[in-house]
Amino acid sequence: MRKLATRVLVLVFLASAFLALASDVAKADEPKAKNVILFIADGNGYNSDIMGSYWRTGEEFGLEYNKFPVKGASAHFMLHKHSDGTVEWDPEKEPEKNMGYVGEEFWKGPQGANWRPTNTQTTDSAASATAMNTGVKTLGGYVNISKTGEKLENFADKNYKAGRSVGVVTTAQISHATPAGASAHNESRGNYQQIGYEQIHDLPLTVLMGSGHPAFSNGKKVDKPADEWNYNFVGGRELWEKVSKNDGYHGWTFFDDRPDFAALAAKTPGSADLPKRVLGVVRTTGDVPPIDGDADNPDSMIERWGKETVDAIPSLTEMTVGALNVLSQNENGFYLMVEGGNIDHANHANNAANSVLEHAGFSKAIDAAIEWVEKYSSWDETIMIMTADHETGQIWGAGTYDDDNDDGKFKEKDDTFNEFMPVPATEKGKVPEVQYLSGSHTNALVPVYIKGVGAEKYYDFVRGTDEKAGEFWKFDGKFIFNSDIYNIMSAASGIK
Ligand SMILES: [Zn+2]
């Protein structure tokens, strides 16, 4: 009896030792990103990104994030609703109907950038933000709503549940499509007031920063009485009046002037006087101008916008570092989404000079975040992803087409398409000579750069290879879907 008991004990001991070992192995495999930082450059395809790099560094891939260990690409198409109201999509089956990006189609010529199979189409920012924040492809304009109209739990929602903090920072309005996608839920991106209300009143966001200020335009007071201001982007007048008093409404610390953003950025994690929740509404109803867009000639930014604007408007860097300081108070970690929202707007307008300025503001914010991670956190507990939600403008190097009718626009019937030219090597501080083939969104692959714990999860989600894209933009040609950004963030952080 005793012998048997001993044997059983030995067996139990061995079994539990084995289990402990097995769970240690499992643990070692478990990703441990405590902090997830996602940078989205709206409308920034590979060539737009390269223009930004030449402008700031004089090199094709000279930016800090160009050195991240994972360099890839994302296909970002959204779902298509058929005229009978049905939405079908299954990427595992019939790729000719469901694969929204196919290299052979893309490289055929200018029309390839908007080629689409039966069940998908070129995305907008809301559907792309939804994909990146939920892992679910949906329809245009939907903000964390599924193709069948159900509310989707997004990465932010899952982070709150796990006791982590969430921050959303943008150079567009706080309730614009991309920041909305990182936080809110709405069947239409155009319902700004509802989205702003959800963000400020309902959600447990820790940081919310961006524009949409009712009372200012580019830092100057709007010359209208208060009942004619536009309160849409900040949840409506009643909510705005409550929260902008800064008397602790819903625990928010509210500010809107540049010195307050700068002061928050100048603090350090662990400072006793860090606010618990921050709503920073930049003093402009429209886009936040990139006041630091010209690296070598800051005075040109004053000439461009005037001192009053530059003094009132924070840089994206100031917003980002301030947000990181506030978020760092949560020992469990955080999710921060930062958007450079206006690269898209510059590319829609085919304005390369504005595009590189916006891009510089964006890439500088990443530099500052990298520095912050290395000083106050580490790559063993943080993952940082840089990507875009879609391409805008179909940008190629000069010489891609001959503008036969001299109208400054590409039309296949009026002009001669030559070949896809790379963005030409350009000195630092000069705008590269490019041609825009479109004023809209396209399917062109966008860059993905990842650094930190779990970065290699990228390779678990590869959906296809485009060798020509790989040759053109100097990576292995493997691409993911934008919905895999969620999958990577989830796998790296363990937040499901
Ligand atoms: Zn756009």
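Author: Let's go through the cavities, starting with the general idea. Keep in mind that this is a predicted model.

Reader: Okay, what shows where empty space is left?

Author: Rolling a probe the size of a water molecule over the atoms does that.

Reader: How much space lies in the largest cavity?

Author: About 90 Å³. Its lining is made up of 16 residues. If you want to find the centre of this cavity, look for Thr171, Val288, Pro290, Leu316 and Gly361, the lining residues that lie nearest to it.

Reader: Which elements give two or more residues to that lining?

Author: Two helices do: H13, spanning 316-327, and H15, spanning 352-376. The most comes from H15, which supplies 3 residues.

Reader: And how do the residues of that lining divide by type?

Author: You'll find 8 nonpolar, 6 polar and 2 charged residues around the largest cavity.

Reader: Now the second largest cavity: what lines it?

Author: This one holds about 60 Å³ of space. Gly45, Tyr46 and Asn47 are part of its lining, together with Glu391, Gln394, Ile395 and Trp396, and also Ala444, Leu445 and Trp473. Helix H2 (46-57) and strand S14 (395-397) are the elements that give two or more residues here.

Conventions: Residues numbered from 1 in each chain as written. Predicted model: local features only at pLDDT ≥ 70, side-chain atom pairs only at ≥ 80, totals over all residues. Heavy atoms only, no water. 1 Å grid on protein atoms, 1.4 Å probe; cavity = no way out; pocket = protein on both sides within 12 Å on 5 of 7 lines; lining within 4 Å. Points joined across faces, edges and corners; volume = space filled by probe spheres on them. Helix = DSSP H or I, 4+ residues; strand = E, 2+ residues; numbered from the N terminus. Nonpolar A, V, L, I, M, F, W, Y, C, P; charged D, E, K, R; others polar.
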